[in-house]
Amino acid sequence: MPPPPNLDLSRRGVLATGAATAAVAAAPAGAAQGKPAMTADPAPLPVSLEVNGKVRDLSPDARTTLLDALREHLHLTGTKKGCDHGQCGACTVLVNGVRINSCLTLAVMHQGDKVTTIEGLGAPDALHPMQAAFIRHDGYQCGYCTPGQICSAVATLDEIKRGVPSHVSASLTDKPRATNLEMRERMSGNICRCGAYSNIAEAMAEIAGDAG
Amino acid sequence: MKAFTYERAASAPDAAARAASTPGAKFIAGGTNLLDLMKLEIETPGHLIDVNGLGFDRIEKTDDGGLRIGALVSNTDLAADMTVRRHYGVLSRALLAGASGQLRNKATTAGNLLQRTRCPYFYDTNQPCNKRTPGAGCAAIGGVARQLAVIGTSDACIATHPSDMAVAMRALDATVETITPRGETRAIPIADFHRLPGETPHIETALAAGELITAVTLPKPVGGRHVYEKVRDRASYAFALVSVAAIVHKNGAGRVAVGGVAHKPWRSEAAEAQLPDGARAVASRLLADARPAPDNAFKIPLVERTLAAILDETRAA
Ligand SMILES: Cc1cc2nc3c(=O)[nH]c(=O)nc-3n(C[C@H](O)[C@H](O)[C@H](O)COP(=O)(O)OP(=O)(O)OC[C@H]3O[C@@H](n4cnc5c(N)ncnc54)[C@H](O)[C@@H]3O)c2cc1C
Ligand code: SF4
Ligand code: FES
Ligand code: FES
């Protein structure tokens, strides 16, 4: 984020917010009805999620994105921050089996959710088939977008298998197939600065062929 | 991001009442638009009410043969619903043309309708913008207007509504169902849901403070061929320059709603009555009052050509 243009002003803004939020937290409506997760900043909010098969209890500031919780709190730095605004896909993880941008969701919104990151898909001595296929097909250069690409690729093949249509599906009702065109459209949310796209598509095609 | 407090909503009436009574409160659903804007401090809610636990995530048939889509149904699930694919194809197509696979998994029906403009000056907090700061002025007027509106604009704002889904919803005559902070329910026709900018571009919809969307309903299927054509700067993962949602019947009659040209999906029943006379007749009627800037005047012929392509395609089929 760019530095605030006027430090004085923005500090006062934060203090004012702090005072207002304290008032909110003290209001009876929330407390009386036993709201599960409400507090005044900066008091942390407890949240428990299952990350790569392990239950993790966190108390992040409400502003913490899922991405920052994974990287900064849990030190799972495989998931990358590219744009932090939903525009690049580097932060793609699976939540309850579905791919999302972890930069555009708050950690506190994931109570009880199952999160899978690149570290949970496979390990160096036990690679996920998609990880192995990326290596075989040279599906990366610098590697920065790769964890997001791999999570997205795994989810993409699952979406095709489940029959979710795409923008390029000729028919909305026929079962989609893992064609090159389909995979390219479905992977458009993952940008690769190094331009490894065609090799990524080949890695995916190999896995799709094995599966189907 | 500015600090905020957070709660998980307990019930819909409670969420609406809390949103109205808590200063600076906002609902959060998928978060894909709100958090983006909060990081830029364009949105600065002091309190977030997370509505994800409210159970509005089902798609059900209505008694009159239509469909009720819960406010929290994801864009992916809505596009993939078999009834939507079979009978409301224009909606599936519009959703699938929007954003990316990851974003559609999180984006919700209500959040999509309420997403804010992509006007570059709205995003640039160093520029005056009446939508961000009422009365500040509008940097887009006289600025780079290539992406911006050509019709229904005002001296205060020339922004477009960026949603693809909303354009299809307009063609389908959807209705937005809400619950008010006083616990009453309301049904707002999609035609009246989004407002033109006028003198108050910061007021974008017919929703009152704290009013919560619970569902969007569709009337029973109208048949016809359903097409959504989106013209953009790259083939995927980009907002529309112009988009056309069309439902065309065998006899040549049908419906047309256009995106990328105005502060809301643009449709005129008088214009679409001219469908049997071809794309030029429809487009020139639909955009008769257009006031484009030099760098977005291309949108007017582009609407006509996009519609012409759709009519060719539906005739050939
Ligand atoms: C990189 C990028 C590309 C995109 N491309 C496209 C595109 O091509 N086409 C397109 O159409 N969209 C596109 N989008 C926008 C995307 O569709 C929206 O961000 C999404 O639909 C918003 O839904 P949400 O549930 O995440 O909303 P949120 O961010 O949770 O909320 C948005 C607004 O709705 C309010 N709200 C949410 N739920 C309710 C409710 N039930 N009742 C009342 N108010 C509510 C919130 O308070 C907030 O003001 C893109 C987004 C990004 C980041
Ligand atoms: S067109 Fe509207 S959104 Fe864009 S700068 Fe002007 S007032 Fe703001
Ligand atoms: S870091 Fe999340 S999409 Fe770029
Ligand atoms: S491998 Fe470098 S960004 Fe994709």
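**Ground rules**

I am working with a predicted model, in which local features need pLDDT of at least 70 and side-chain atom pairs count only at pLDDT 80 or more, while totals for chains, interfaces and linings use all residues. Residues are numbered from 1 along each chain as its sequence is written, chains are lettered from A and ligands numbered from 1 in the order in which they are written, and side-chain values use heavy atoms, with hydrogens and water left out.

**Entry 1: chain A overall**

I started with the elements of chain A and found eight helices and five strands. (Helices, H or I with at least four residues, and strands, E with at least two, are DSSP runs numbered from the N terminus.) Going along the sequence, I wrote down the pattern α-α-β-β-α-β-β-β-α-α-α-α-α. Chain A has 212 residues, and 49% of them are buried. (Buried means under 20% relative accessible area, exposed over 50%, and partly exposed in between, with a 1.4 Å probe and protein chains only.)

Then I looked at N52(A), which is not a glycine and yet has a positive phi of about 50 degrees. I found N52(A) in the loop between β1 (47-51) and β2 (54-58) of chain A. Is N52(A) buried or partly exposed? Its relative accessible area is 27%, so I noted it as partly exposed.

Next I turned to Y237(B), another residue that is not glycine, with a positive phi near 60 degrees. Y237(B) is in the loop between β9 (225-231) and β10 (242-248) of chain B. Its relative accessibility is 9%, so Y237(B) goes down as buried.

**Entry 2: a parallel pair in chain B**

I followed strand β2 (residues 25-28) of chain B to strand β3 (residues 47-50) of chain B; the two run parallel and are joined by four bridges. (Two strands pair if DSSP finds at least two bridges between them.) I picked F27(B) and found that its bridge partner in β3(B) is I49(B). With helix α2 (residues 34-39) of chain B, these strands make a right-handed β-α-β unit. (Right-handed means that, with the strands pointing away from the viewer, the path from the first strand over the helix to the second runs clockwise.)

**Entry 3: ligand 1**

How many residues surround ligand 1? I noted 34, the closest being F27(B), G31(B), T32(B), T108(B) and D164(B). (A residue is near a molecule if one of its heavy atoms lies within 4 Å of it.) The surrounding residues come from chains A and B, so the site is shared between chains. By class, I listed 15 nonpolar, 14 polar and five charged residues. (Ala, Val, Leu, Ile, Met, Phe, Trp, Tyr, Cys and Pro count as nonpolar, Asp, Glu, Lys and Arg as charged, and the others, Gly among them, as polar.)

I then checked oxygen atoms of ligand 1 for polar contacts. (A polar contact is a pair of N or O atoms within 3.5 Å; within protein, one must be able to donate a hydrogen and the other to accept it, and residues adjacent in sequence count only if both atoms are side-chain atoms.) A backbone N or O atom of G31(B) is 2.7 Å from one ligand oxygen. From side chains, I found a polar atom of Q115(B) at 3.3 Å from a ligand oxygen and an N or O atom of K230(B) at 3.0 Å. Taken alone, ligand 1 exposes 990 Å², and the protein buries 96% of that. (These areas come from the Shrake-Rupley method with a 1.4 Å probe; for residues, only the protein chains shown count as cover.)

**Entry 4: ligand 2**

Around ligand 2 I found residues of chain B, including C119(B), C129(B), C138(B) and C157(B). I counted this shell as 10 nonpolar, one polar and one charged.

**Entry 5: a hairpin and a serine**

Strands β6 (residues 175-179) and β7 (residues 185-189) of chain B pair in the antiparallel sense over five bridges. Here T178(B) has R186(B) as its bridge partner. Five residues sit between the strands of this hairpin, where G183(B) takes a positive phi near 90 degrees.

Last, I visited S154(B), which is buried at a relative accessible area of 14%. Its side chain reaches the backbone oxygen of G198(B) at 2.7 Å.
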